[in-house]
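Take a walk through this structure, one feature at a time. Keep the sequence and the 3D view side by side.

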Amino acid sequence: MFNSNKERQMEIEMVTIDELVPDDHLLRKIDRYIDFSFIPEKVRSYYSEDNGRPSLDPLVLFKMMFVGYFYGIRSERELERQVQTNVAFRWFLGLNLTDPVPHHSTISWNRRTRFKDTDIFQEIFDEIVIQAMNHRMVGGRVLFTDSTHLKANANKRKFSKQEVEVETADYIEELNEAIEKDREQHGKKPLKKKEEVNKTKEIKVSNTDPESGYLYRENKPEGFFYLDHRTTDLKFNIITDVHVTPGNIHDSKPYLDRLDRQIEQFGFEVEGVGLDAGYLTVPICHGLDKRNIFGVIAHRRYQNRKGFLPKWKYQYNRERDEYICPEGHVLTYATTDRNGYRQYKSNPEICKTCPLLDQCTQNKQHQKTITRHVWEDSKDKVRENRLSNEGKWIYRMRKEKVERSFADSKELHGLRYCRLRGRDNVREQALMTAACQNMKKIALHLDRVV
């Protein structure tokens, strides 16, 4: 006999919200294994003790934000609607079936006012990393770093062109000292002090989000983007650092500072790092060598001029500090320039009769010049590391660690696009996404082993 259950929905039932959430639900595991008690203490100083209306419990506020990042809900209005109808979400926030859901504007108001210009999101991220360390899920010995582009909330066709000053590299003083020392060792006079001239360059600045950067790279989309620089740990792929820059900043620029921050913040004893080819720069290699870290960086392919011999055909003799050309002739040291490059030059009398001259140089004086950076030895160490068995294993793990972490954040947690405008808001999104990924890993791992 045909029957309808519609009338039964009007019946009164005695049920608790706890009974309606499955025992194996993800939010149950997170609530069981993640300690959120630190959040009220972290934000207490941002609230008035004796003035104003009673505020929403900050733990409910942040848990509501976590739900949005756990499930990739990109809109705060949509997040409010989802919490309204989802029993598991209500249970996680500590709301009963009939309790009103916090308004979506509460989240945006706190972002714009109470937590503006604070480090609360960084502090929350760091606290979750420390909890992972307490569960022995972070080794801190081998780290993997890479960056991914996040599409800014800006139209790439609406921009203005501006002249901006080129920032001086952080390592410039150390490099100048190395140059003077190298010239002294080779019997050269110190370079005359050059009058500082502020260099400028023309860049595109978005009219919609001026803090984003115009990305234009080979095999990358073109437009206004931010870069999410992320570091993960070898042991359980826990994310240990997140840093956001405009899309026109080179990957290698913030790397050493962020590495030092992790060492100082978490007490890591870093032994090795795995990096992409974008980090294969002399300052990065020198910095890793100075920190006694086993650096493994992908090989960068340089395009040689067609018909000319590549640089690797010229062998460097470290003991005699000279280069040997493919014909067995010597290129001797000439000078060290202001950019930190030693110049090695051949004997033009020998070169002008060499059968490989046309493949070697177009110099009118028939003289070949090869340059070598004063920190090139550190770069050679990194190349040797990459070819070792340990180096091959570390680089092979890189794509399974940091690249997998980026893939999960974009596919599962909505990090493919920037929800809001401004670097601070994008930084909040990146940090909260990474913190939720870490919480998810901790909860799932502990649920398996406990």
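What follows goes from a sheet to salt bridges, then to a surface patch and aromatic rings.

This is a predicted model: local features need pLDDT of at least 70, side-chain atom pairs count only at pLDDT 80 or more, and totals for chains, interfaces and linings use all residues. Residues are numbered from 1 along each chain as its sequence is written, and side-chain values use heavy atoms, with hydrogens and water left out.

Start with the sheet. It is open and has 5 strands, in the order β9-β10-β11-β12-β13, with antiparallel pairing. Strands here are DSSP runs of E with at least two residues, and helices are runs of H or I with at least four, numbered from the N terminus. Two strands pair if DSSP finds at least two bridges between them. The edge strands are β9 (315-317) and β13 (369-373), and each of them pairs on one side only. On average, neighbouring strands of this sheet are turned by 35 degrees against each other, direction ignored. The axes behind such angles are lines fitted to C-alpha atoms, for helices over the stretch in contact, and angles run from 0 to 180 degrees between N-to-C directions.

Now look inside the sheet. Strand β11 (residues 330-336) and strand β12 (residues 341-345) pair in the antiparallel sense over 4 bridges. Thr-335 has Gln-343 in β12 as its bridge partner.

Next come the charged side chains. Side chains of opposite charge can pair when their charged atoms come close. The structure holds 30 salt bridges. Each has a side-chain nitrogen of Lys or Arg within 4 Å of a carboxyl oxygen of Asp or Glu.

Asp-126 counts as buried, at 5% relative accessibility. Buried means under 20% relative accessible area, exposed means over 50%, and partly exposed lies in between (1.4 Å probe, protein chains only).

Arg-291 is partly exposed at 26%, and Asp-260 is partly exposed at 28%.

Asp-380 is in helix α14 (residues 376-387), while Arg-318 is in the loop between β9 and β10 (322-324), 62 residues apart. Asp-380 is buried at 16%, whereas Arg-318 is partly exposed at 46%. Both belong to a network of salt bridges that links Arg-318, Arg-372, Glu-376, Asp-377, Asp-380 and Arg-383.

Finish with the aromatic rings. The structure holds 17 aromatic pairs. Rings of Phe, Tyr and Trp (its six-membered ring) pair if their centres lie within 6.5 Å; planes under 30 degrees apart count as stacked, over 60 as edge-to-face and the rest as tilted. Phe-62 and Phe-121 have ring centres 6.2 Å apart and planes at 55 degrees, so the pair is tilted. Phe-62 is in helix α4 (residues 58-70) and Phe-121 in helix α8, 59 residues apart. Both are buried. Tyr-46, Phe-62, Phe-115 and Phe-121 form one aromatic cluster.
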